[in-house]
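Here are a few notes to go with the model. Have it open while you read.

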Amino acid sequence: GIRYKGSIGAFVGCLDGPNMFEPSGAKICTKLSMKIKINWEGRKEKFFGLKKLQFHSMNNDLSQMHDRAGYWLFRQMGVPAPRAVHAKLTINGTYTGLYSLVEQIDSRFIKENFDDDDGNLYKEIWPLNSAGAPYTIDDYINALKTNENENPSVQLIRGFGQKIADASEENLQEIISEHMNIDEIISYAVVDRIVRNDDGAFHWYCEGNDCYNHNYYWYEEPSTAQLHLIPWDLDNAFENIGSSNPNPVTPIADQWGNSRNNCQPFGYGEWNLPQKSAACDKLTRGLTKYTEIYESLKTKFINGPLSISQINQQIDLWVTQISDAHAEASDLYEDAESVESWINKINLFKTQLAKARQN
């Protein structure tokens with residue numbers, strides 16, 4: 001009655017294997033990300049109220065802290081974000097390792113986080129495409145993660161996109177303030193940029209002249225006509241903070257609000273992969289206009305959740321919780337990180353957080 005699905009993204013960190021870009025090839029890591037669906041035949045009950053469990057392998061994150069710390073920081077700043085904890089996973093009596101158990105963003109998540117839970121949840125579709133126009137109705141419907149079988153209207157998010165597309169630069173903030181909680185969305189931007197969540201909503205990857213972003217959800221509340229941006233997939237966050245060896249794929253070239261190359265795609269990073277400045281997107285450009293709120297919330301973030309007294313205390317607590325599980329996996333599997341290496345990565349992570357506070 002329980003099904004699971006592995007993830008190609010789980011073993012990108014296993015660089016010594018032959019099939020890291022081949023989804024149909026052999027899965028070469030001991031520890032693979034998986035999603036478990038609770039679907040007991042003929043039974044309606046759930047697993048502690050949950051329909052799905054997501055176990056992230058953290059193979060790309062040697063500190064084993066990015067998910068838990070990242071989502072915790074977003075939530076501490078009032079941004080709706082999934083909960084995440086560490087978990088030991090045993091399959092058919094065999095201990096497979098330490099995972100990040102991340103809350104599924106679904107109808108139950110919406111019910112927990114919003115007063116009005118009847119609205120639409122979308123995955124990875126922006127109000128405007130890279131050409132600056134709303135997507136088609138079918139595109140929004142295909143991105144639905146709730147209400148998809150109820151012939152829902154997608155006019156709220158599409159209408160918001162059209163208003164942004166039609167607005168003058170002077171009217172952008174008025175439209176954004178009408179449809180978004182400003183403290184919430186600017187807090188999202190503050191956390192996202194300071195922790196260098198460079199594989200998230202503000203990285204516009206390009207193929208030719210078509211550019212796209214990913215790793216986020218939108219939830220729309222019908223009763224308030226407001227849209228909420230929800231972060232997702234934080235395993236590559238933090239890693240580009242002051243790094244002499246940044247991820248070759250993810251780094252964002254521009255500081256918040258800046259743009260370059262006349263808003264045309266440009267190559268950047270070790271692999272010279274094409275991207276487009278986030279501020280060339282009209283909605284993002286509107287968000288960058290809230291400069292005073294951004295600076296105020298940045299100060300609140302640095303002196304609050306990201307301060308040494310708060311985030312380092314959390315990290316030390318989590319290290320204490322998972323040390324035995326990490327050591328057990330290290331003893332069992334050759335491809336598991338050694339305890340010594342892990343402690344070094346924890347110290348590096350704290351150093352990165354200190355650099356982030358200085359930005």
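This is a predicted model: local features need pLDDT of at least 70, side-chain atom pairs count only at pLDDT 80 or more; totals for chains, interfaces and linings use all residues.

1. Start with the two helices. Arg-68, Ala-69, Trp-72 and Leu-73 of H1 touch Gln-310, Ile-311, Gln-314, Trp-318 and Gln-321 of H9; contact here is heavy atoms within 4.5 Å, and helices (H or I, at least four residues) and strands (E, at least two) are DSSP runs numbered from the N terminus. By class, this contact has 5 nonpolar, 3 polar and 1 charged residues.

2. On geometry, H1 (residues 66–76) and H9 (residues 308–332) pack at about 140 degrees, with axes 11 Å apart. The axes are lines fitted to C-alpha atoms over the stretch in contact, with angles from 0 to 180 degrees between N-to-C directions.

3. Residues are numbered from 1 along each chain as its sequence is written, and side-chain values use heavy atoms, leaving out hydrogens and water.

4. Mean pLDDT (the predictor's confidence in each residue, from 0 to 100) is 90 for the chain, and 92% of its residues reach 70 or more. Where is it under 50? Residues 1–13 stay under 50, and the model gives them 41 contacts beyond four places in sequence. Residues 15–25 are also below 50, with 12 contacts beyond near neighbours in sequence.

Note on methods:
Ala, Val, Leu, Ile, Met, Phe, Trp, Tyr, Cys and Pro count as nonpolar, Asp, Glu, Lys and Arg as charged, and the others, Gly among them, as polar.
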